[in-house]
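Biologist: Please put the model up. I am new to it and will ask about one part at a time.

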Amino acid sequence: MTFNIKFIATDMDGTLLNDANQLPCDFYDVFHAINEKNIIFAAASGRQYFTLLNMFESIKDNVLFIAENGTLVMYQGQELYSATISKPEIDSIIETVRKIQDSHIVLCGKKSAYTETKDEDAQQEIMKYCHQIRFVDDLLDVDDEFIKVSVLNFSGTEEHVYPLVAPLFAETHQVVVSGKTWLDFMDKHASKGQAILAMRNKFGFTFENSMSFGDFFNDVEMLNETYFSYAMSNAHPEIKKLARFIAPSNNEQGVITVIKQKVLRCH
């Protein structure tokens, strides 16, 4: 069985990328094959736009970038969609998270990401995901258009950050555990799914001919906005329950395997 697909969105970490942070070996061959079929390919990630741009430098004009967990959508250098957070809301989030032990804050703006952490391990981890980063003395003094606040906690955000911030912010913002050590605050209505919904109207694809791949809670809305929703076999158990289908793990090139079999009819 093959599917009539017009749009494919994939998360990056734990999904398209293997645990060594590498793209599948035949990614570019598969990408060019789906591009020839005029299928839109979207990199839908919590990563910064500039980081994704570097990662897909050779094909950047043919990739739809759903960056920062859907708060910023860029295509061919143009902003197609964004969901911003006001400065007073940003300040309130920062002041709250500063009180949580061993938590490192990344303030995500349209021009750059910003952090005040002096911890070298945290800086290295942050720079994996944010290639455009400024180290500042005080995040409250930063001037930009803000789209997200990310929190890094090596002990685990689901256990050590979410229970402390959700009672304060979950009703007014998206507060999502986006990885074992990451948590994100976003505009209440922002998500990868909301971004896909906006792009559906712009590019003319439908729910029924959309495919997506994800592994964690920041992928929930994306999976819900695409009929052919795949959880990776390495995904969080709750994500596996939510998705219609299961793909092989990120270390088994699961995204590419499914696209070959179901979209390109390769076996």
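Biologist: In what order do the strands of the open sheet of eight strands lie?

Modeller: This is a predicted model, so local features need pLDDT of at least 70 and side-chain atom pairs count only at pLDDT 80 or more, while totals for chains, interfaces and linings use all residues. Residues are numbered from 1 along each chain as its sequence is written, and side-chain values use heavy atoms, leaving out hydrogens and water. Strands (E, at least two residues) and helices (H or I, at least four) are DSSP runs numbered from the N terminus, and two strands pair if DSSP finds at least two bridges between them. The pairing here is mixed, and the order is β5-β4-β3-β2-β1-β12-β13-β14.

Biologist: Which are the edge strands, and what does the twist average from one strand to the next?

Modeller: β5 (78-82) and β14 (245-247) each pair on one side only, which makes them the edge strands. Axes are lines fitted to C-alpha atoms, for helices over the stretch in contact, and angles run from 0 to 180 degrees between N-to-C directions. From one strand to the next, the twist averages 20°.

Biologist: Which residue in β5 is the bridge partner of tyrosine 75?

Modeller: Strands of a sheet pair through backbone hydrogen bonds, either parallel or antiparallel. β4 (residues 72-75) and β5 pair in the antiparallel sense over four bridges. In β5, the partner of tyrosine 75 is glutamine 78.

Biologist: What angle does helix α8 make with β5?

Modeller: Helix α8 (residues 192-203) packs on the sheet, touching β1, β2, β3, β4 and β5, where contact means heavy atoms within 4.5 Å. Its direction and that of β5 make about 125°.

Biologist: What is the relative accessible area of threonine 15?

Modeller: Threonine 15 lies in helix α1 (residues 12-16). Among the residues that threonine 15 touches are Phe213, Met232 and Val255. Threonine 15 counts as buried because its relative accessible area is 1%.

Definitions and conventions
Buried < 20%, exposed > 50% of the residue type's maximum accessible area, 1.4 Å probe, protein only. Lists of a residue's contacts leave out its neighbours within four places in sequence.
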